[in-house]
Structure formats: structure tokens, C-alpha cells
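Take the parts one at a time, in plain words.

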Amino acid sequence: SALLVGQLLSEARGRDGGSRAVDADLVHRIVVASGGVPFLVEQLVAASLDGQPVSAVPGDPALRHLSRLGASSVAVLEVLAAHGGEVERGLLEAVLADHDADDLVVGLREAIAAGVIVRRAADTYAVAHSLVAEQGLAAMHPARVRELHLAIGDVLAARPDDPRAVARLPRHREASGDLAGALAASVAAGETSRYAPLVAARHYRKAVELWDRVPDPATVVGRSYVDVLERAANLSARAGDVPGAVSLARAALAQTGPDDLARRSRLWLVVASSGEWALPASQVEEAFREAVAAAQSAGGENLSPALGGWARHLAILDRNAAAEPLAQQALERAADPAERAYASATLGAILGHLGDHEAGIERLVDALRALPLADHPQEYARTAFELVWTTFYAGRADEAYEQSRTVAAELTTAGVLADV
């Protein structure tokens with residue numbers, strides 16, 4: 001506010017031994033030019049004390065302050081701006097490998113002394129305020145911006161074993177104009193982040209967005225458009241993005257031929273399971289029926305998950321009597337240990353809700369034994385907590401309490417408790 005700017009000016013002039021009187025017009029120009037951003041207010045006050053003119057142009061002080069820095073400091077700020085405002089020392093040095101190492105140290109020190117960048121950790125630097133990065137980018141020629149993104153991308157691409165580098169690469173490839181590289185990097189980042197579904201889904205949605213902008217995209221990523229759509233839909237479902245999962249699954253269905261029955265079953269199951277609280281009940285029911293019918297026509301592939309998903313949906317609606325035979329069929333048709341564990345967990349929960357607690361506990365314990373926590377944290381947690389409640393309602397409260405402590409410890413140790 002004008003009051004605070006005036007107070008800051010008065011105190012600064014008093015420290016310099018001058019008059020504390022403040023020019024109201026100068027205060028107004030500082031307020032307008034800084035937009036109230038503390039960093040820019042400080043820069044403008046310092047500039048006015050040095051006798052420099054202050055124009056009432058928002059953002060102007062950041063740009064003018066940058067223009068007074070040496071070439072090495074400007075190079076550092078350019079990399080910081082292009083990389084999003086923060087960069088590790090090793091990445092900075094790799095991108096600016098053609099700069100003298102001593103000059104780079106001088107540039108870092110000068111920029112820190114000028115207050116335009118700060119040291120966040122032993123090897124990490126960041127702009128003092130986002131407006132510094134914005135103004136730095138605005139001051140660069142577009143060709144220079146693309147050149148920086150290309151250089152940063154090349155450094156990141158040389159670090160395929162670093163998850164952070166893999167995750168950052170798509171943005172720089174796209175910003176450099178390399179859309180094919182951005183597409184390939186997005187798919188790779190999605191796979192690297194598959195245990196963080198929200199992040200992985202974002203990368204795959206970017207791949208979907210880029211698909212039509214890249215010549216021969218299937219060759220670039222080594223998979224079809226419908227493969228990418230299905231992966232994006234599944235990851236969005238795991239991330240809890242209901243609209244995204246349903247939309248992507250339906251888009252994939254539109255691209256899937258009538259003879260690709262197993263895929264159609266999987267996609268209908270995504271629509272049904274993700275949309276069960278967002279779509280009209282009739283659409284959810286239809287989607288489950290389509291998933292089961294397609295799986296049956298495909299010779300049983302995906303039939304157990306489809307039946308199990310439908311059974312779980314009915315159980316959520318407290319229609320356990322109708323859900324039980326579907327869950328039994330899902331268990332009978334399970335094609336692998338993962339499908340068997342899912343079906344066993346579903347049936348165990350349903351039996352518990354129907355009052356057959358001991359049979360339910362047996363099924364839930366079987367499911368937990370077959371579910372690796374590291375690979376299926378959400379399903380493991382859901383099954384474990386269902387076991388706790390079923391044990392409790394079986395009249396074994398002390399055992400249920402110990403189970404809950406064990407489960408919480410397991411999930412905490414695995415680092416997934418916050419996710420579930």
C-alpha cells in the first residue's frame with residue numbers, strides 16, 4: 001500500500017542521513033510500477049535513492065534492474081527463467097558449459113548480491129521473485145528462449161535414470177519446438193511416474209494433446225493412439241480424475257475396432273468404475289453390462305475384473321445379495337494371481353456385509369497374501385481396512401485393533417499412507 005511504501009522510503013532516507021520527507025507522486029509511481037510486490041518495491045526504493053527515475057509502468061523495475069547485471073549474471077538468470085525459476089548447480093553448469101567456470105561463479109555472486117536470485121540449498125538457486133523470471137523471458141529474443149530450452153532439454157535427456165530429469169524434459173522439448181521429442185518424452189515421463197498416477201496421467205494427457213501435431217506419432221512412441229488413450233484413461237482413473245478418465249476412455253472406445261473385444265471390455269470398465277458416482281445410474285449399469293458382454297465375447301479375457309467391478313459397485317449400493325453371485329463368478333474366472341486377489345477381496349467384503357464374517361475374513365486374508373503392497377498400494381490398503389472392519393464386526397475387537405496398527409505401520413513404512 002502507499003502507506004507502507006511511504007514508510008519504507010522515509011526510513012531509508014533517514015538511514016542515509018537525509019530528510020524523511022516523502023514525495024507523494026514518487027510513492028504513487030512506486031506502488032503502480034511494483035504492483036505491490038515486496039521485491040519490486042525494494043528495488044524501486046533503492047533505485048529512487050540512487051537518483052534513478054521511477055516510471056509508473058508495472059514490472060518495469062525488474063527489467064531495468066536486470067539490464068545493469070554483467071553478462072555471466074544475465075546468462076544465469078536466463079537459464080533460471082527458462083527452467084521455471086529454480087535450477088540445480090550441476091544443471092546450470094552443464095547448460096552453460098561454454099562459459100568460463102570462474103565467470104559463472106562471479107555471475108552467481110553478482111546476481112545474489114543484486115537480490116535477483118537467492119540460494120535455496122547448497123546446490124540450488126532460484127529467482128527472488130517470479131516476476132524476475134517473467135521479465136527475463138520477456139526481454140529475451142524468442143530464438144534465444146528456444147535455444148535455452150533445447151540446451152536444457154539435451155542436458156536432461158542425458159539423465160534417463162534421474163526421475164526429475166525425465167519429468168522435466170517434455171516441457172523443454174515442447175518449448176524448443178521439438179514436438180516429436182515432447183511426445184516421446186511425455187510418454188516416457190508417464191511411465192517413469194506410474195506410481196504417482198496424478199503426475200503420470202498429466203504426462204499422458206499431454207501426449208494425447210500432442211498426438212495430432214506430430215508426423216507419424218505411432219512410430220515416435222512405439223505404440224498406437226488407442227494405446228496412449230487407454231493408458232491415459234487408466235492413470236486418470238487411478239488419480240481420481242473422474243471426468244478425465246471417462247472422457248479418455250470414451251475417446252479410446254471411439255478409436256477401438258469392434259473386434260478388439262478385450263480392450264473394449266477394459267475401457268467400458270473404466271467408464272463404469274470411474275463414473276459410478278458421476279454418471280446417471282442407467283449409464284453406469286449399461287457400461288458394466290458392456291464390459292462383461294465384451295469380455296465374454298473375447299473368450300473370457302478381462303471377465304473377472306468386469307464381474308468383480310460390477311459386484312463391487314452393487315455392494316457400494318448395499319445390494320450385497322445381488323453382488324455375491326457376481327463376485328463368486330469373478331473369483332472362479334480369475335486368470336492370474338492379481339485377478340484372483342481382487343475377486344477374493346471383493347467377495348470377502350461382500351460376505352462380511354452379509355453377516356458371514358468368518359468366510360469374509362478368510363477371503364480377505366487370501367487377498368492380502370496375494371497382493372504385493374509395493375505394486376498395489378491402493379488395493380492393499382482398501383482390502384486391509386475391510387479386513388479390520390470385518391474382524392471387528394465378527395466380535396473380535398482386540399484383534400481388529402492390532403490389525404489396524406499393523407496395517408498403518410506397513411503403509412507408513414511403504415510411504416503410501418498419505419495416498420490412501
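The model is predicted. Three strands make up an open sheet, in the order 1-3-2, and their pairing is antiparallel. Strand 1 covers residues 86-88 and strand 2 covers residues 117-121. Both of these strands stand at the edges with a single partner strand each, so one side of each has no neighbour in the sheet. From one strand to the next, the twist averages 25°.

The pairings can be followed strand by strand. Strand 3, residues 124-127, pairs with strand 2 in the antiparallel sense over four bridges. A hairpin of two residues joins strand 2 to strand 3. Strand 3 also pairs with strand 1, again in the antiparallel sense, over three bridges. Here V87 stands opposite Y125 of strand 3.

Which way do the residues of strand 3 point? T124 and A126 point one way, while Y125 and V127 point the other way. All four of these residues are buried. A helix is also placed against the sheet: helix 5, residues 71-83, lies across strand 1, strand 2 and strand 3. Helix 5 runs at about 110° to strand 1.

In soluble globular proteins, nonpolar side chains tend to be buried together. In this model the largest nonpolar core has 54 residues, and L183 and V271 have the most contacts inside it. Helix 18, which spans residues 303-316, gives the most to this core, with seven residues. Another core lies apart from it and has 31 residues, including L77, L80, V95 and A111.

What does V271 touch, leaving aside residues up to four places away in sequence? V271 touches V246, A249, R250, L253, L279 and A287.

The last topic is the aromatic residues. A pair of aromatic rings is described by the distance of the centres and the angle of the planes. The structure holds five aromatic pairs. One of them is formed by W389 and F392: the distance is 5.9 Å centre to centre, the planes are at 85°, and the pair is edge-to-face. These two residues lie in helix 22, residues 377-393, and because they are three residues apart they are separated by about one helical turn.

F392 also pairs with Y393: their ring centres are 5.4 Å apart and their planes are at 75°, so this pair is edge-to-face. W389, F392 and Y393 together form one aromatic cluster.

Are F392 and Y393 partly exposed or exposed? The limit for exposed is over 50% relative accessible area. F392 has 38% relative accessibility and therefore counts as partly exposed. Y393 has 55% relative accessibility and therefore counts as exposed.

How values were computed: Residues are numbered from 1 along each chain as its sequence is written. This is a predicted model: local features need pLDDT of at least 70, side-chain atom pairs count only at pLDDT 80 or more; totals for chains, interfaces and linings use all residues. Side-chain values use heavy atoms; hydrogens and water are left out. A nonpolar core is a set of buried Ala, Val, Leu, Ile, Met, Phe, Trp, Tyr and Cys residues joined through side-chain atoms within 4.5 Å. Buried means under 20% relative accessible area, exposed over 50%, partly exposed in between (1.4 Å probe, protein chains only). Contact means heavy atoms within 4.5 Å. Two strands pair if DSSP finds at least two bridges between them. Axes are lines fitted to C-alpha atoms, for helices over the stretch in contact, and angles run from 0 to 180 degrees between N-to-C directions. Rings of Phe, Tyr and Trp (its six-membered ring) pair if their centres lie within 6.5 Å; planes under 30 degrees apart count as stacked, over 60 as edge-to-face and the rest as tilted.
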